[in-house]
Amino acid sequence: MTGAPQADLVIVANRLPVDRVTQPDGAVSWRPSPGGLVTALEPVLRANDGAWIGWPGSADDDEFEPFEENGLSLIPVAMSAQEVEEFYEGFSNGTLWPLYHDVIAKPEFHREWWDSYVSVNQRFADRAAEVAAEGATVWVQDYQLQLVPQMLRARRPDLRIGFYLHIPFPPAELFSQLPWRRQILEGLLGADLIGFQLPGAAANFVRLVRSRVGHKTHRDTIYLPDGRPVKATAFPISIDTAGFEELARSEAVAERAAEIREALGNPRRIFLGVDRLDYTKGIYSRLRAFGELVRDGHLDVEDAVFVQVATPSRERVEQYRILRDEIEMLVGRINGDYGKIGNPAIHYLHNSYPREEMAAFYRAADIMVVTPFRDGMNLVAKEYVACRFEDDGALVLSEFAGAAQELRQAWLVNPYDIDGMKSALMDAFAAEKRETSRRMRAMRRTVVQNDVAKWAADFLRELEELPEHHDKTVRR
Ligand code: ADP
Ligand code: F6P
């Protein structure tokens, strides 16, 4: 298939920024895809005028032509139902996702899943090879596509290839469980520049390449046998800070935030959780901590309410189904035991919302609770801070979120320590305005100075400035 314009900047990600939804009458519409990757990269593509290659989120669709949606140039890659099961739900989210998140759930290793991972990665690489203009920059994203850099370089050595991992990169002791560890490392080494959220992740990668592949390394640079250097370093991702702030300042969002508070009975304090419904996010533990505070009389449901917004995610993967049942049972139990007529302890919303509604939630909430067991960055924490333009509101944040390395003034917690979390929730609940303002002001400075435009510019500049390597023969 051809038909795509040649682009000087190509983003390659598992998902397109929009999902294709086919109505029962056959009509097709588009809705924003879930997750932090899309939130971060959409404004980058908009500002840089490139093309985005990705999966439109449905199975067995006929391959269709590149198209424009909301000003973005999008190039779809189709997947069969079997590939969705084996590549996406299987290897990406049943093997790599838990392995890269501290083995919070047990990763499964299946050879047929791996075979599917290889063939789908090849399809993405082939599409990128067709679409990239001579000497273009191709920026490959995330754990679903770790073989693409090597596959793409084999066809198009003229390209500058960057790779960015949005999730953690695990320590050698965990990564080494993977039967295909060497292939993954070699796949990534097809890139010129490999970006990670945190310096520790980059160091894990360099150490693994040295010990498992045997290449020479010096600090953040790996030297391949043919002399080509590969740089592996940290670029903490961020959000469109000004865009979120502008939204939060708007009249419509202010009104909606007031409506939300009113509908919740104007409690003294609103706690808020916003996550994809994922076992890495620590939703169960945080709700348990809140439930115990109500049970023990530290919080009263007329005074304090918890709103948990959970985006449906990976619903056919078994561990996600189990998680959903567990959380819904817990919410039911807490509300049944401690709620009052008109005052449930927890409001649980299993839905996706437009950005305006998310901004209204952030404006309405006094205490944002972000407690993942492990998270590459966590953009929700940064979005909350961006929306608090009056320097108020408290952030309770897990030490195990990448964001904790920047948002040091949050109430930092260990999500495995329920009592510690309870104390932090109470401290944030009782904090004086002066204290919350001091903390929020400092965090806002960080998020304003380090927005997603800076993240992308830093990465792309670094990629551009790397020395050229000799073999640039185009083999299409
Ligand atoms: P992840 O990438 O693991 O999903 P992040 O916190 O980094 O986690 O990013 C989540 C993104 O999804 C944020 O931009 C957040 O605003 C958005 N989001 C989360 N929940 C919802 C929801 N229910 N409706 C719409 N957007 C959501
Ligand atoms: O890094 C966050 C991320 O895992 C993305 O790679 C992914 O696209 C997003 O969250 C949402 O997950 P999914 O695409 O599986 O719905």
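Me: Which residue stands opposite Leu193 in S9?

Reply: Gly162 does. This is read from a predicted model.

Me: What makes S8 and S9 paired strands?

Reply: Two strands pair if there are at least two bridges between them. Strand S8 (residues 160-164) and S9 are joined by 3 bridges, so they meet that condition. The two strands run parallel.

Me: Which way do the residues of S9 point, and are they buried or exposed?

Reply: In strand S9 (residues 193-196), Leu193 and Gly195 point one way, while Ile194 and Phe196 point the other way. All of them are buried. In a regular strand, side chains alternate between the two faces of the sheet.

Me: Why is Pro66 called partly exposed?

Reply: Pro66 has 19 other C-beta atoms within 10 Å. A buried residue needs 20 or more, and an exposed one has 12 or fewer. The count of 19 falls in between, so Pro66 is partly exposed. Pro66 is in the loop between strand S4 (51-55) and strand S5 (67-69).

Me: Why does Asn266 count as exposed?

Reply: Asn266 has 11 C-beta neighbours inside 10 Å, and the limit for exposed is 12 or fewer, so Asn266 counts as exposed. Asn266 lies in the loop between helix H9 (251-263) and S13. Its phi is positive, about 45°, although Asn266 is not a glycine.

Me: What makes Asp391 partly exposed?

Reply: Asp391 has 16 C-beta neighbours inside 10 Å. Asp391 sits in the loop between H13 and strand S17 (394-398). Asp391, which is not glycine, has a positive phi near 55°.

Me: What makes H2 mostly covered?

Reply: Of the 20 residues in H2, 15 are buried. After H2 comes Asp102, with a positive phi near 60°.

Me: Why is the protein called as compact as a globular protein of its length?

Reply: The protein has 16 helices and 18 strands. Its radius of gyration is 23 Å, and the globule rule gives 23 Å for 476 residues; the values are close, so the protein is as compact as a globular protein of that length. The C-alpha trace spans about 70 × 55 × 40 Å along its principal axes. Of the 476 residues, 48% count as buried.

Me: Which element gives the most to the shell around ligand 1?

Reply: H13 does, with 3 residues. Ligand 1 is surrounded by 16 residues, and the closest are Gly36, Thr39, Thr311, Ser352 and Leu379. The shell divides into 7 nonpolar, 7 polar and 2 charged residues.

Me: What surrounds ligand 2?

Reply: Among the residues around ligand 2 are Asn14, Arg15, Gly36, His166 and Arg314. Strand S1 (7-15) and helix H1 (36-48) are the elements that give two or more residues to this shell.

Technical notes:
Residues are numbered from 1 along each chain as its sequence is written. Chains are lettered from A and ligands numbered from 1 in the order in which they are written. This is a predicted model: local features need pLDDT of at least 70, side-chain atom pairs count only at pLDDT 80 or more; totals for chains, interfaces and linings use all residues. Helices (H or I, at least four residues) and strands (E, at least two) are DSSP runs, numbered from the N terminus. A residue is near a molecule or strand if its C-beta atom, placed from the backbone, lies within 6 Å of it. Ala, Val, Leu, Ile, Met, Phe, Trp, Tyr, Cys and Pro count as nonpolar, Asp, Glu, Lys and Arg as charged, and the others, Gly among them, as polar. The radius of gyration is taken over C-alpha atoms; the globule rule is 2.2 Å times the number of residues to the power 0.38.
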